[in-house]
Amino acid sequence: MGKYVTSKIEDNVTVNFSDAFKEIESDLKSSVREATSDFFRDCVNGTPVDTGFARSRWSVYLLTEVRDAPIKAVTSKDDGSTYGSAEDTIQKHLPRINRLGNKNLNGLNIKNDAPYIGKLEQGWSSQNQYWIRAAAKRLAGKIGSIAKKR
């Protein structure tokens with residue numbers, strides 16, 4: 001008998017599709033979370049850095065959450081300290097991505113509210129350009145591959 005075949009009586013076979021669907025759904029959610037995490041990492045790590053402000057402004061909000069008031073844009077901290085590493089920003093938001101697909105949590109917004117992020121994306125810095133677009137294309141490809149497997 002196979003994993004989902006629960007009984008075989010004469011010529012009849014009983015298959016437990018409920019368990020199969022649960023496993024497929026779990027694998028699908030895990031794959032989407034992983035692809036989304038990769039996208040977020042690509043966005044954060046690809047952000048050109050001068051002061052670190054733009055890189056620190058990446059955030060993830062689940063569609064059921066209420067966003068805080070926007071933070072006033074500044075170009076550097078008053079005390080001269082840094083904005084933290086890319087990994088600090090990533091680790092702060094990965095728990096939200098990992099909740100994606102849980103009950104009533106089927107979507108999220110990834111955002112950067114630095115007022116000049118669009119200019120950076122378009123090549124304002126010599127460090128990188130169009131990294132968000134490239135990350136979005138990779139995400140779309142991964143999601144497409146996940147869907148084709150199912």
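Predicted model: local features only at pLDDT ≥ 70, side-chain atom pairs only at ≥ 80, totals over all residues.
Close-up 1. Thr51 sits in the loop between α1 and α2. How exposed is Thr51? It comes out at 32% relative accessibility, and since buried means under 20% and exposed over 50%, Thr51 counts as partly exposed. Tyr83 turns up here too: Thr51 and Tyr83 are 32 residues apart in sequence, yet 7.4 Å apart in space, C-alpha to C-alpha.

**Close-up 2. Ser56 in helix α2.** Here we move to Ser56, which is found in helix α2, residues 53–56. Which backbone atom does the side chain of Ser56 reach? That would be the backbone oxygen of Phe53, at 2.7 Å. Ser56 is buried, because its relative accessible area is 18% and the cut-off for buried is under 20%. Leaving aside residues up to four places away in sequence, Ser56 touches Tyr83 and Thr89.

**Close-up 3. Helix α1 against helix α3.** Two packed helices are described by the angle between their axes and the distance between the axes. For α1 (residues 17–46) and α3 (residues 86–98), the angle is about 155° and the axes are 10 Å apart. Angles over 145 degrees count as roughly antiparallel, so that is how α1 and α3 run relative to each other. As for handedness, α1 passes α3 in a right-handed crossing.

**Close-up 4. Who meets whom between α1 and α3.** On the α1 side, the residues are Arg33, Thr36, Ser37, Phe40, Arg41, Val44 and Asn45. Across from them in α3 are Ala86, Glu87, Thr89, Ile90, Gln91, His93, Leu94, Ile97 and Asn98.

**Close-up 5. Tyr130 and its positive phi.** Last stop: Tyr130, in the loop between α4 (117–121) and α5 (131–149). Most residues other than glycine have a negative phi. Phi of Tyr130, however, is near 55°, a positive value in a residue other than glycine. Is Tyr130 buried, partly exposed or exposed? Tyr130 counts as partly exposed, because its relative accessibility is 32%.

How values were computed: Residues numbered from 1 in each chain as written. Heavy atoms only, no water. Helix = DSSP H or I, 4+ residues; strand = E, 2+ residues; numbered from the N terminus. Buried < 20%, exposed > 50% of the residue type's maximum accessible area, 1.4 Å probe, protein only. Polar contact = N/O pair within 3.5 Å; in protein donor to acceptor, adjacent residues only side chain to side chain. Contact = heavy atoms within 4.5 Å. Axes fitted to C-alpha atoms, helices over the stretch in contact; angles between N-to-C directions. Parallel < 35°, antiparallel > 145°, perpendicular 65-115°, else oblique. Left-handed = near helix turned anticlockwise from the far one by under 90°.
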